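Please read them alongside the sequence and the coordinates.

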Amino acid sequence: MVTVNLGTLYYVLDHVYGALLHRTKISPPFFSRGWGGTKLELLERMIKQLFPEVEGQNWPPTLVQPTWKTVWESKTACLREGVFRTPCDEQLLNALPPESHTARVAFLCPKSVPAQKMACVVHLAGTGDHAFERRLRLGGPLLKENIATMVLESPFYGRRRPMLQRGAKLLCVSDLLLLGRATIEEARSLLHWLDSEAGFGKMGVCGLSMGGVHAAMVGSLHPTPIATLPFLSPHSAVVAFCEGVLKHATAWEALREDLAMQTLEEVRERMRNVLSLTDVTRFPIPKNPNAVIFVAATDDGYIPKHSVLELQKAWPGSEVRWVSGGHVSSFLLHNGEFRRAIVDGLNRLQWKESPL
């Protein structure tokens with residue numbers, strides 16, 4: 001009888017899926033148009049400003065006012081969709097493609113419960129998650145726990161995708177930094193809206209894969225304690241594009257030609273330097289690290305274990321939970337574990353005091 005090590009199988013599944021998706025000519029590689037020129041230099045400067053010199057010195061989020069329309073309503077819940085102009089400053093706005101200037105959000109909320117007795121979690125997009133549906137399915141069963149779900153459509157994704165971009169394959173390295181910086185600004189503004197305008201008693205932020213990296217950054221920079229829930233996430237995009245399966249999906253040759261470099265090793269070194277700006281361990285420790293729960297997969301072909309453990313080490317008090325599987329299988333099979341982490345993270349927060 002042949003015994004198969006399931007962990008190896010999950011890991012191989014990630015690589016087979018990655019090979020089909022990224023090494024064949026079905027879709028173009030990431031960064032086929034190069035580094036992004038002066039945009040990249042601008043973003044490198046802007047992202048360095050995210051790291052406060054003084055511990056706890058966070059810049060305040062901008063308040064947004066989404067325009068809402070109701071999609072459906074039942075006796076117990078309501079789904080609305082909203083649009084708002086991205087709160088990014090003028091420099092960032094000029095760097096963003098025009099298609100990404102308007103942000104879109106879905107808001108699934110229980111009815112007949114006062115906001116101060118409810119929690120709401122902002123769900124950020126993983127690589128290739130263009131629509132609201134998958135994240136609404138993740139959040140839907142939490143309605144019965146009085147937890148609302150807010151889903152942000154990322155810049156460069158869905159209706160916000162630039163015309164020349166195919167699928168999730170960003171054209172330039174600068175687009176990856178731009179997507180991240182704009183997502184952080186928008187998510188912080190939505191949390192500010194949930195707190196000051198909608199009056200929710202507790203809040204959180206979660207995301208899968210790339211969305212988890214962004215969720216960790218948002219949780220780190222938020223001025224008050226929130227539940228922070230990164231799922232299947234590395235501590236930095238360096239891991240995804242230089243170590244994991246996505247290294248096979250990157251246009252290394254185009255990047256080499258763009259900078260007229262001699263060797264691919266030089267290109268990879270430049271990529272590591274640029275993407276070190278996405279290293280979450282450089283961000284401040286969140287206000288309540290006990291409400292940070294990482295869910296990671298035991299045999300992830302995209303995210304090595306050391307990457308998850310670096311995050312936990314950087315944020316003492318945070319918790320790592322392991323699920324059996326690879327990146328792709330866990331994404332499909334472990335929604336129950338992700339929901340449990342959301343509930344537990346929120347339970348570790350105090351309810352906000354009601355205004356008199």
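Where does Phe31 lie? Phe31 is in the loop between α1 (6-23) and α2 (38-48); helices (H or I, at least four residues) and strands (E, at least two) are DSSP runs, numbered from the N terminus.

1. Basis of the notes. This is a predicted model, in which local features need pLDDT of at least 70 and side-chain atom pairs count only at pLDDT 80 or more, while totals for chains, interfaces and linings use all residues. Residues are numbered from 1 along each chain as its sequence is written, and side-chain values use heavy atoms, with hydrogens and water left out.

2. Phe31 is not a glycine, yet its phi is positive, at about 65°. Phe31 counts as buried because its relative accessibility is 0%; buried means under 20% relative accessible area, exposed over 50%, and partly exposed in between (1.4 Å probe, protein chains only). Pro28 also lies in the loop between α1 and α2. With a relative accessible area of 22%, Pro28 is partly exposed. Pro28 and Leu170 are 142 residues apart along the chain, and their C-alpha atoms are separated by 9.5 Å.

3. Ser209. Another positive phi in a residue other than glycine is that of Ser209, near 60°. Ser209 lies in the loop between β6 (202-208) and α6 (210-221). Its relative accessible area is 17%, so Ser209 is buried.

4. Strand pairing. Strands β1 (residues 67-73) and β2 (residues 77-85) run antiparallel and are joined by six bridges; two strands pair if DSSP finds at least two bridges between them. The hairpin from β1 to β2 passes through three residues. Glu73 has Cys78 in β2 as its bridge partner. Cys78 in turn has Cys109 in β3 as a bridge partner, and β2 and β3 run antiparallel with nine bridges between them.

5. Strand β3. Eight of the nine residues of β3 (residues 102-110) are buried, and the strand is mostly covered. β3 also pairs with β5 (residues 147-152), in the antiparallel sense, over four bridges. In β5, Met150 is the bridge partner of Phe107.

6. Cysteines. How many disulfides does the structure hold? The structure holds zero disulfides, a disulfide being a pair of cysteine sulfur atoms within 2.5 Å. Cys120 is in no disulfide, and the nearest cysteine sulfur, that of Cys109, is 6.7 Å away. Cys120 is buried, with a relative accessible area of 0%. Cys242 is buried too, at a relative accessible area of 12%.

7. Helix α5. The 24 residues of α5 (residues 173-196) should span 34 Å at 1.5 Å a residue, and the end C-alpha atoms are 35 Å apart, which agrees. The expected span is 1.5 Å times one less than the number of residues. Of the 24 residues of α5, 21 are buried, so the helix is largely enclosed by the rest of the structure.

8. The second largest pocket. This pocket holds about 190 Å³ of space. A pocket is an open set of points, on a 1 Å grid over the protein atoms alone, where a 1.4 Å probe fits, with protein on both sides within 12 Å along at least five of seven lines; lining residues have an atom within 4 Å of a point. Grid points are joined across faces, edges and corners, and the volume is the space filled by probe spheres set on the points. Residues lining the second largest pocket include Asp195, Phe200, Lys202, Asn288 and Trp351.
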